[in-house]
Each structure stands twice: as C-alpha cells, then as structure tokens.
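Morning, everyone. I have one structure to walk through today. Let me put it on the screen.

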Amino acid sequence: MTPNADPSLRSQVRKAIEDAWARAQAGLPETTEPHDAPVTIERPADPTRGDFASNIALRLAKPYRRAPLEIARAIAAHVATTATDPNSPIASVEVAPPGFLNIRLADHALAATTQHILLNPATWGRTVAAHPERVNVEFVSANPTGPLHIGNARGAFTGDLLCRVMAAAGHTVTREYYFNDFGSQVKNLGASVVAIREGCEIPEDGYHGDYVYDMARDIPPEVLAGAEKSGEDPSWAVGRWASEQVRAGIEASLEHLGCHFDIWRSESTLHNDGWVAKAVDRLRAAGDVYEEDGAVVFRSTRYGDDKDRVILRSTDDAAPTYFAADIGYLVEKFSRGYERIVFIWGEDHHGYVARVKAAAQSLGFDDDHVQMILTAWVRFVRDGKEVPMSKRTGEFITLDELLGEIGVDAARWFFASRAASSGIDFDIELAKKQSSENPAYYVQYAHARIASILRKATESGMAPPAADDPRLAELLAGILSGAPEAQLARQIVRLPEVVEDAAASEETHGITAYATELATTFHAFYRDARVLDPDEPDRSAARLALVAATMTTLANALGLLGISAPESM
RNA sequence: GCGCCCGUAGCUCAGUGGAUAGAGCGUCAGGUUGCGGACCUGAAGGCCGUGGGUUCGAGUCCCGCCGGGCGCGCCA
C-alpha cells in the first residue's frame, strides 16, 4: 500500500472481477465485434443483494454472442473467493437474472481496511489520480468595486470545494483570484468616493453603498496629494486606493468562509508585464488576426466560435479589450506549467466559453486542458419575490451579513449538497430558519458523540487498542458477524470510492450524501451496540477501534467540504 | 430568432444506460432505568414537464413540443 493513498475496496473488487473475466474468456471464442464495455462495479440499490454489483456479463453478452447468464456464471466460477484464496477481498459471488453479479465482501477485508484507517488517519480517503496534474483553478474573481454579496457565495464555495476534492484525488492545485484594477469601474468607484468627500452628487455610473461613504471619510492625505502633484485625475488615484481597500476586505471575507487563494492577480500587472501584447503577437503569428473598422479582430470563428472577436480597439496596438487581457492571462497561466486551467464561472458567462477555448487553440494549447465549470444562477427570494442585487446601487445583502445569520458550516453544506448546474432558489428567511436543522449539524453530532465515547473510555481506563496492535485485525474480524458492526464497517470503508467519484464528476453532493448516510449508520449502531462494556473487554476494544475509525472517516469527509468536525457541540 | 442550462415527493435537492426512483426538511404515529434525545423506528406522499425514437433494459441517450433561467457588446 502506498502511504499516501488508500486502495478502495471497490478497485480491489474490480481487479478481482477483471482477472476472473480474463481467465473465463480463455474458454470463449474470439470476438470480432468491438466492445468498449467497461467493468462497472457499483453499490447495488438494495443492500441485501451484497456489497457490490457488476453488469459486466450484460455488457459482454452481445459482442461475445453468449447469454448474459452464461457469461456471468463463467466469471463467477473463476472469481477467487476467501473460500479458495484467503487474500481475496471477496467472500462470495452470486449470479442473478438477467445477468448481474452480486458480490459480498470478506470480513477480513473490512477489518484490514478499518485498521488501515487507524494507522493512516490523516490521509484516509485520499487517492492517487491515475494521471496527477498541476491544476490552476480561478474562481470568484469579482471586481473589487464593492464587498462580496450573497450572489458570489456559490462561485466561492463551488471553486473551493472543487479544489479540495481535486487535491484529495491526488492533483496539485493552485487557487487563483483575478481582479480588474484597470478599467473605468475603478475610476467610477474613485469618482464616487471623491464626490461624497466633496459633498457633490454621486455620478451616474457611480457606486452608492455604505462602504463608499466609509471610504470617503478615510482617504489618506498622501493619496490626494500624490494625485495633485502628478496632475492626475484624483478619481483614478482614489479609485486605485479604494479598490485595494475593497479587495482586502474581499480577501478577509473569503478567508472567513474558509476559501483561501494562493494567488491574487491584477489585470494591470498582466498588461504591464507584457502578457497581453505577447498574446496578441502569438495570435497574429498564427494568422488568426485581421483589421476591420480600425480595430484588430481575432478570427475565433476558425475554432468554432459564433463570431470573430475584437481584441484591440485601434490598430496601433492600444486599448486592448477585456477579452484580450483574458488571452494574455491564458498565456501567462500556461507559462507557469499547469496542465489544466479551470475557470468557475456563473452561467451568465457561458457565451465566453467558445471564445476562450478558441484562443487557447490558436495559441497552440490543447483546449481540452482549458475547462469551464458553470454554476447555475442563484435566485434570492424573500416571501416568494426575487431580491435584486446590484453593487452599483448598493442594494444587496453582503456575504458577511448572510454568514452572520447562517453559520459557515451550514452555508458550506447547503452549496456542497447541490450540483453546480442546478438552479437554486435561495430563500433567505427559510435558510435562517433551517440553519439550525441543517444536516451538517447531524453529521457533526455523530462525530461529537464518538469523541464523547472516546473521552469516556479514557476516563474509565478502557482505551482503544493501539492502531498497530497485531491483535487488532483479529479483534475486529471477531465483531463483524454482528449486524450493527458489519453495517458500520461497510459504510466507513466507502470513503475512497466517494472521493474518487467526486473527483471524477467534479461534484461534491456525493460527499454530503455519504456523510449523512454514515452518520445515520453510526446513530443506529449506537442504539444497538453498547461500545463500553466492562464485562466484555475484547468486544469493547474492538468496538472502540471501529468507532474511532468512524470518527476519522466523518472528520475527513467533513474536512473535504471545509466543514469543522467538533469534539463537542 | 439562434445558442447554453434546467424541469424528479408539499418544499429544497440527489440519481455514472441497469434490478422495487432516493435523501433532507415538513406532515402523521411511536420510542430512552446504558456510553450526548441536536438521537432512533415506522407511515403517508411520484403519469420522473410532454410526445415520439434508440435497445435486452431509459429519470438517464437522440429528436420534437411546453414551461423557467441565462447569453448573443470595440462593457467588465
């Protein structure tokens, strides 16, 4: 076993079935029909059928021109079970019409995995990707013209969760925030601050939130003096200062949410460091640029975009568009050696996917390495009516305000348990009311309950056996004939599968569902099986070990979601 | 008009072409002389928007329609 990764029992079973098929296949005539039927090993809907089910025989029936049941029986006959091989993870295989294989795990495999958890608690659940990649994930990237509002929450959590899952699946992840400190929005922000300071009316394109008034009081004298000295419009100087104030506030809010960013990249540095000009040169060299109506246009239609896109507003290489900066950024990111560039965008940006991918191709990159994840819109409603959010008018609920009423853990769970593509109606009052009955607390409660048991065990001198105690696997195997223990063990060993699936699907709701099921299974176990029983020291020791492994599994599942696992609550 | 996303239980949402479509919340009926009752057990509740097609098999894939959201700037 590699120290940093856990072989999921599912992959062990998959290998056993594939090996069996390879042996069974020897007795069958060659097929000429192509088939890319993968061996699917999945958890059956009905747990009484076994731990895993495979449809391999149904998939292979056609190319091999054999009845599914015949193939299933042949595979089953060749699967090594614990009856024939004590190292096999499989206890039994049954064939069920129309051709399913129902597979049952061996108790010793469950016991060995449980001990593995206790030996490697910090890495339990992490897997090693088949092809580990260096990945850059850019998310949130809201312009620093005002504090984050609740509309930004989904992008923040979606991106953060994706990063956590990809890291757990063995990838190296960089988290990046891109912000505009370059365009007219900055000037408008500065003009608004200046106007308030001078008692004038805020300009038409200005900003009206309370934070603008706060900043108007706090402008450092040197900012104004600097502008005066250089003769620059004070709107710019104040705008840059204000924008940085806002950006720092955004960073603090995100850290509070548990969303950490490794790199904060500003648009102006992209221009100043020459990346935009370099990108334009490369598009030109590729022959994908032409001039029209005094502007420079990128021929993105050559790569599947709907229409060509202007990148420079004039032919003298001046006034690049926002899209030009995006292209420069793409070049800059690839120059840092990432194999995969991911963007988390609101679905209102879906129109930009084609043009950015087109740019990637023209630049010579594989556009499969540029990936956009679109999050569906969140409609914020109150009493059934949509609550409009506008940074410019200052009419919005900030993220900090929301999190003041709904805990970070509850909010993270809310977004983690929904697919990115699923549209959400977020009723603020309902969310506040339901915060206290959020499933996150249900899972945390199971964790705290186990912590309490372990405290009690220590107090009464019934400490669990050491993780490397050679008797442990035997003790554990001894209790797995009990229904509550067997069910709990079968739940905890699933974590690596759940992580694999989350990484593959780039969704986290499988993790929340799993954590809920595990907590439920534990609560049932708690009801049916007394952990601390002075009259049964061996049984107590084994149950303590099982329960400790459950606690680690709960903590790691919650950790993947950025949710705390309290020892008491 | 064209393009993308969505439509599953009262509500909020899951459901890698597989077996009897699930969870949480809500509703109703029960449960504790043991280690945390923020818990447990059970019940009711579904033409999976709709009509075709593909196949051994469709909530899932393809086409049409209906309904909702979003996009179609030399803005960012």
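Which residues form one aromatic cluster? They are Phe139, Tyr177, Phe261 and Trp264.

Some ground rules. This is a predicted model, where local features need pLDDT of at least 70, side-chain atom pairs count only at pLDDT 80 or more, and totals for chains, interfaces and linings use all residues. Residues are numbered from 1 along each chain as its sequence is written, chains are lettered from A and ligands numbered from 1 in the order written, and side-chain values use heavy atoms, without hydrogens and water.

Back to the rings. They pair if the centres of Phe, Tyr or Trp rings (the six-membered one for Trp) lie within 6.5 Å; planes under 30 degrees apart are stacked, over 60 edge-to-face, the rest tilted. The structure holds 14 such pairs. Take Phe343 and Trp345: centres 5.2 Å apart, planes at 40°, so this pair is tilted. Phe343 is buried at 8% relative accessibility, and Trp345 is buried at 13%. Buried means under 20% relative accessible area, exposed over 50%, partly exposed in between, with a 1.4 Å probe and protein chains only.

Next, the cores. A nonpolar core is a set of buried Ala, Val, Leu, Ile, Met, Phe, Trp, Tyr and Cys residues joined through side-chain atoms within 4.5 Å. The largest has 142 residues. Ile17, Ile75, Val137, Val140, Tyr177, Leu254 and Phe426 touch the most other members. Helix α22, residues 537–560, gives the most to this core, with 13 residues. Helices here are DSSP runs (H or I, at least four residues), numbered from the N terminus.

Look at Val140. Beyond its neighbours within four places in sequence, Val140 is in contact (heavy atoms within 4.5 Å) with Leu148, Gly155, Ala156, Tyr177, Leu254 and Phe261. Apart from this core lies another, of 33 residues, including Ile327 and Val331.

Those two take us to helix α12, where both are among the buried residues. The helix runs over residues 322–335 and reaches 20 Å from its first C-alpha to its last. That is close to the 20 Å expected, at 1.5 Å times one less than its number of residues. Of its 14 residues, 11 are buried, so α12 is largely enclosed by the rest of the structure. Gly337 follows α12, with a positive phi near 90°.

Last, cysteines. How many disulfides are there? Zero, in a search of the whole structure; the cut-off is two cysteine sulfurs within 2.5 Å. Cys259 is buried at 1%. Its closest cysteine sulfur, in Cys163, is 9.1 Å away, too far for a bond.
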